[in-house]
Each structure stands twice: as C-alpha cells, then as structure tokens.
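Reader: Hey, can you walk me through this one? I'm new to reading structures.
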Amino acid sequence: MTEAGFGADLGAEKFLDIKCRMAGLTPSAVVIVATVRALKYNGGVAKADLNNENLEALEKGLPNLLKHVSNIKNVYKLPCVVAINAFPTDTKAELDLVESKCRELGVNVALSEVWAKGGEGGIALAKEVIRLVEEPNDFTFSYDLEGSIEDKLNQIVQKIYGGKRVVLTANAQKQAAQLEALGYGNCPICVAKTQYSLTDDQTKLGAPTDFEVTVRNLKISAGAGFIVALTGEIMTMPGLPKVPAAEKIDVDERGKITGLF
C-alpha cells in the first residue's frame, strides 16, 4: 500500500507509468480521495462559501473527479473506489449526488470518517478495498516507451489530462532532439505540472477539454531513468516566502517556544 500523491494526472500517473513500469509492479486497486468541498470549489464556489450546500456547483465540479476516475478505470484498467473524506458541513444531498455520479461509471463510493471516528470511520472503505483487490485487472500503461518524446507527451495530455495536444517551445524542441540523439528517447516522462488543474494553468478548474499544454523545458534525470518536462510556470522546488517563518520563532529563558503558529 502506498500514497501516489496528487491526483490521477500527477502522482498516480507518475507512479503507474514510471515506478510500476520500472519496478515491474502491478497494482491491485486504487483509492481516489476526494472531498465535497474541493468539488464545489472546482464548480466555482469561493473558499469562504464552501460550508454551504450548493448542489449546482457540486454537479459542475464533479467532472473533475469523474475524469480522475475514468483515468484509473479506463486508461490504466484498474479497479478503484472513491473515498469521500467527510466534513461536518457535507449534506446528505451532496454526498448522494457524488455517489450517484460515480456509480454511473461503475465505481463505488465509500465515506471516510476516520478524522471523527478513528479506525471505525474507515471500515466501509477498507471492506471495499478488500473486495477490489480480489478482482482480476488488466493493468496497462498510458503510453509505450518506444514513441518519440513528443508522442509520449501527447499521449499523457490527451489520455490523462483530456487536452488536445502538447506544444513544445523552440527550446524544448531542441532539447527533445538532443535527448533522442543521445539515446534517451525511450525513457518515461515525468511531467512537472500544477496540481490545481488538469491543464498547465492553475486557474482552469473542473475538467476542461480541447486545451494545449506547453512544455518549455526538457531535461534528463539519467540516474533516475526518466525525462522531466516542465510545463507552464511550474517550479521543481517549492517556492519559499520572502520572510522565512524562522524569523518569527523564538525560545525564551524558560524554554517556551513562540511564533510557531
């Protein structure tokens, strides 16, 4: 059991297309974690209003979750369950809507109440996972290694993100040609992309279609065995604040620490 990271477009894609391929692993099942609040946010609700029931916004944001579900079920051919991390503000109508939409894709929903009830709150999810891992699956990758770098990127953009195509800048085109000439063309691709959107633009929520993803830079991580593709304005290291938090942290003469929160 492992946590693959953000979404079926990022963490799961890298885990399945890179790690599982290199390690010869075949996953038994996938748990897709979601919240009603996040889905309403994808439906256009401001953060300050996420506690309020809003079925219209929830339905508008649900395609984002359903795209992740479709990626796992239809692209990677793996059984999956949607785990809803319950919040006290979730309403029955909202939870029922999420369950109904997921069932239309043949996927069950399990309410996870571990935060409130401890282990007891995760029993329903655990039972569904146990059921799924006993089912056979036809695990497959989203792209073949034999294609060109641009072709593999197009497969990811089209199959996993739901976009139209990848666009390589002049610099990235030159780098792709160099990498292929050096014999790295058959490496898997590790895409560095915003986690806030299926696109390379964090402001585009929901499940956009017919968009392009721009790759501005390609570099080889030869030791790891994959090519890193930088998209949009993404950085490969977390951005740090102008004023480090450490400047507000202190310890007085009695050993009391202040400024942590």
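Predicted model: local features only at pLDDT ≥ 70, side-chain atom pairs only at ≥ 80, totals over all residues.
Author: Helix α1 (residues 7-23) lies across β5 and β7, running at about 170 degrees to β5. Contact is heavy atoms within 4.5 Å, and angles run from 0 to 180 degrees between N-to-C directions, with axes fitted to C-alpha atoms, for helices over the stretch in contact. Helices (H or I, at least four residues) and strands (E, at least two) are DSSP runs, numbered from the N terminus.

Reader: Ok, what order do the strands of the open sheet come in?
Author: The order is β4-β6-β7-β5, 4 strands with mixed pairing. At the edges, β4 (165-168) and β5 (189-192) each pair on one side only. Pairing takes at least two DSSP bridges between two strands.

Reader: And in which sense do β5 and β7 pair?
Author: Parallel, over 4 bridges, with β7 covering residues 226-231. I189 has I227 in β7 as its bridge partner.

Reader: New topic: how exposed is L260?
Author: L260 is partly exposed, at 49% relative accessible area; that class lies between buried (under 20%) and exposed (over 50%), using a 1.4 Å probe and protein chains only. L260 sits in the segment after β9 (257-258).

Definitions and conventions:
Residues numbered from 1 in each chain as written. Heavy atoms only, no water.
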